[in-house]
Amino acid sequence: MSALAEAEHFVRAPDWTWYILFYFFLAGLSGGSYAIATLMRLSNRAYEPAARVGYYISFVALLGCPVLLTLDLGQPLRFWHMLVNTTPGDEGPIFRYWSPMSVGAWALVVFSVFAGLSFLEVFVKDRRRSSDRAEPPSALGKAFNVVGTVAGLFIAGYTGVLLAVSNQPVWSDTWALGGLFLASGLSGSAALIGWLAHYRRDGESSVPGLVRSERLFQVLEVLLIAVFVVTLIPTGALGQAFGYPWFVLWAVAAIGLIAGIFGPGSTRNEITSGGVVAVRRSAAAAIVPATLVLIGILALRAAIIFSAQ
Amino acid sequence: MDITPGQAYGFFTDTSVCIGCKACEVACKEWNMLDGNEPAFGDGYDNTGSLDAQNWRHVQFIDNVPDKPMTVGQGKAWLMMSDVCKHCQHASCMEVCPTGALIRTEFDSVYIQPDVCNGCRNCISACPYGVIEQDEHTKVAQKCTLCYDRLQGGLEPACAKACPTQSIMFGPVIELREKAQKRVEALHAQGVPEARLYGADDDVYGGLNAFFLLMDEPEAYQLPSKANAVLPSRNNERGYLTLLVTGVLAALGGLIALRRRREPSPEPAMAGPAPAAPAPAAPTPAEASSAPAAERS
């Protein structure tokens, strides 16, 4: 079906606010970091130190996800009802492929296995004293990471599909949110890994590659924001999404994108007087662009979540 | 009236005879032990505002009083409608519920099981009629049950029982549809062409078990028109497809961006301790030739 013409909504807002905002943020970082870490592993063994940073981020960010989701529930102690049907006479596991929230709950469980085991793997390897501590995983290990990446990419982006599969204005007037949340989650993850890689003695050589990938993800994000706008125009929801006061959040998101795509800086390569490209400067200086990018993706999610309610 | 499990029951609400007495609201609260909210008057006679966790019936007072004096018979001062959950055949709330708390009963009504619901509020974002709200005491989603407990006991819903003008009629949906069709035809014959049925056929959400006779466009009563009556699942395929395409593009692009290029060593003045990582793989001639002279600053 084509986009709705002059969509009218009489729906009530679900009051998904701060817990959900930060869940969406952490889910984007967790899934995105895992995916980027795997891409680094698949690309070159020299990325292994930075890839491990990615797996650490993925696991730590994931720890907050179920906590935030549970706290947001009206009945937090019934969090397990997402997975188990307690309807009398119909007890047992419940999976509803047509409900993104149901699919997402199961995906979170599946992804936590991958994120947890990958975290353990890199944690154990990093504590080895032998010379093989920097060894990348076997082919089987990489295959495990690839499967986990599929789950990670889903976790990073399904939250946008969840919003779209509703009858809320803005959210349901577009189909671009899943891709948009995924692209922004990846760009934030690349920025975060690129910053934290400075703190690994052998991680900084990965920064240029991360910068390139971060820029690519952000270009993808810009394209999807354009799709988001185009899909909202015929439904009349553009003013609601970008009007006062939400344009402030969009401006913050834009600053993050500009900082990532065009910004000079510490995690960026620099042209020296001799025309030589420098790899990095310092971890301390790297925090500025990375922070701007992360605040930007948080603001983007906030603008989308709050403007519709 | 015999109420038989396995048969579809519902409401036919004829707004042309609603007098706005709110007996339905009171009866609903009495039977279902709903405390109600503090009365809140706006610029009309509506002191309950909307359907919510405490108001499973809500009488809308739609002010159509003309700004200028009208001649006799021209003024339609008020539209009144006792609103309620529509118990849709294609229910948006049931589509998105992840826990199975929303079920269709043996009377074909849509019912929220309060001991299964965990308060995720996904159904609230989906219901196109703004019917459902999370109760602030029980912290689960609440809405009209079609007096499920009364039906099980062979009693008609409290609101229909209390309605003094028979604006709210309860019965088997098939019979109600026949009544509604006769009523709208009678109104048309009496010179009331604006009378129309809403939800009596399958145009809106596959048919509503609680349907209405309206005296104006559906939008005047905060009801989505046929064109706007869409299910949340319409965005499932498109949403996931966008996610898939983005994921594939990002993965391929990421692999390309992460190819090792010929990157010079840090300048001595800027360099810290020598990296312990294995040296990057030597670029192929193709990679070397494609590597930019300098990255953008």
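A nonpolar core is a set of buried Ala, Val, Leu, Ile, Met, Phe, Trp, Tyr and Cys residues joined through C-beta atoms within 7 Å. In this predicted model, the largest such core has 168 residues. Those with the most contacts inside the core come from both chains: A:L177, A:L186, A:L192 and A:I193 on one side, and B:C93, B:C123 and B:C127 on the other. Helix α1(A) hands over the largest share of this core, 13 residues.

Now for the overall build of chain A. There are nine helices and four strands in chain A, and reading along the sequence gives the pattern α-α-β-β-α-α-α-α-α-α-β-β-α. Of the 309 residues in chain A, 56% are buried. Looking at contacts in chain A with a separation of 6 or more, 76% are between residues 24 or more positions apart.

The buried residues of α8(A) are A:W246, A:L249, A:A253, A:G256, A:L257, A:A259 and A:G260. Viewed down the axis of α8(A), they fall within an arc of 165 degrees, so they line one face of the helix. In general, an α-helix has 3.6 residues a turn, so residues three or four places apart point the same way.

Next comes the place where the two chains meet. Chain A puts 83 residues into the contact and chain B puts in 72. On the chain A side, the elements giving two or more residues are α1 (18-43), α3 (100-126), α4 (139-164), α5 (177-196), α6 (207-232), β3 (270-271) and β4 (277-278). The largest share comes from α6(A), with eight residues. Sorted by class, this side of chain A has 44 nonpolar, 24 polar and 15 charged residues.

How confident is the predictor, then? The average pLDDT of chain A is 90, and 89% of its residues score at least 70. Two stretches of chain A stay under 50: residues 1-5, with nine contacts beyond four places in sequence, and residues 274-280, with 28 such contacts.

Note on methods. Residues are numbered from 1 along each chain as its sequence is written. Chains are lettered from A and ligands numbered from 1 in the order in which they are written. This is a predicted model: local features need pLDDT of at least 70, side-chain atom pairs count only at pLDDT 80 or more; totals for chains, interfaces and linings use all residues. A residue is buried if 20 or more other C-beta atoms lie within 10 Å of its own, exposed if 12 or fewer, and partly exposed in between; C-beta atoms are placed from the backbone. The arc is that of the directions from the helix axis to the C-beta atoms. Two residues are in contact if their C-beta atoms, placed from the backbone, lie within 7 Å. Ala, Val, Leu, Ile, Met, Phe, Trp, Tyr, Cys and Pro count as nonpolar, Asp, Glu, Lys and Arg as charged, and the others, Gly among them, as polar. pLDDT is the predictor's confidence in each residue, from 0 to 100.
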